[in-house]
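Here's a quick tour for anyone meeting this structure for the first time. Have a look at it, then read on.

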Amino acid sequence: MTTSEKALGNEAQDELAALNALEKEASEFNKDAEIDRILKAFRLDAYAVLNLQPGVPDSQIKIQYRKLSLLIHPDKTTNPSAPNAFDRLKKAQTELMDPKQRTHLDECISDARMLLIRERKLTVDSPEVKVPNKDFIESWRKKTVEVLVDAEARRRKQLKAQLQEEGREQRKQDEEVAERKRRREHEVKWEESREDRIGSWRDFKKGAGGVMAKGEGDGKQKKKKLKVLG
């Protein structure tokens, strides 16, 4: 191989290395951008976290989750926020695959749409409702956040009330258990002291009998003869 051929070979290798470096840099940029998007997405809206539109089939949810999870997996990036983003992604996928949780989310999104329609004095047949423009979609998204926050606040309030009620019920049960325990302990102590009580009573009877006998002996006196009047 001539010197010029060697030079061309080295140049090609350098170009390939540069391209690989650019590709890696671009890949890392995409990962960082996706991690940032996930962390900024409203966490109560699983569709937003997964970057999906409401109403998509389960198969699309699975495909999207797999694609994003492979992209931002903590083992495939040095971004320190990757574990947190990965956990949120997994949580969002779990919520959408749960029929009850997904129904709740869909209802909140639908409620937000109806509230927005009323606020703007529109109907379901209005053009911007039938074919939502950018402004309507953005307002719908903001209204969805409000509805979800309100629903979450109510859920926490109900949970707090439930826990308080359970706490009161638990305290009541604990008090009943303590009272039964106290009664059992009292009954046991009462039975254990039974012989002592009987012995004390016997001693008392003996002492009382002796005193009475002595009193009867000392109190014996001759009867005085009654004088006959007249």
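Thr 144 lies in helix α7, where helices are DSSP runs of H or I of at least four residues, strands are runs of E of at least two, and numbering goes from the N terminus. This is a predicted model, where local features need pLDDT of at least 70, side-chain atom pairs count only at pLDDT 80 or more, and totals for chains, interfaces and linings use all residues. Residues are numbered from 1 along each chain as its sequence is written, and side-chain values use heavy atoms, with hydrogens and water left out.

So is Thr 144 buried or exposed? Thr 144 counts as buried because its relative accessible area is 5%; buried means under 20%, exposed over 50%, and partly exposed in between, with a 1.4 Å probe and protein chains only. Leaving aside residues up to four places away in sequence, Thr 144 touches Asp 45, Ile 109 and Ala 112, with contact meaning heavy atoms within 4.5 Å. Thr 144 and Arg 113 sit 31 residues apart in sequence, yet 7.7 Å apart in space, C-alpha to C-alpha.

Helix α7, residues 134-192, also holds Asp 174. Here are the two residues side by side:

| Residue | Relative accessibility | Class |
|---|---|---|
| Thr 144 | 5% | buried |
| Asp 174 | 41% | partly exposed |

Of its 230 residues, 20% count as buried. Among contacts between residues at least 6 apart in sequence, 60% join residues at least 24 apart.
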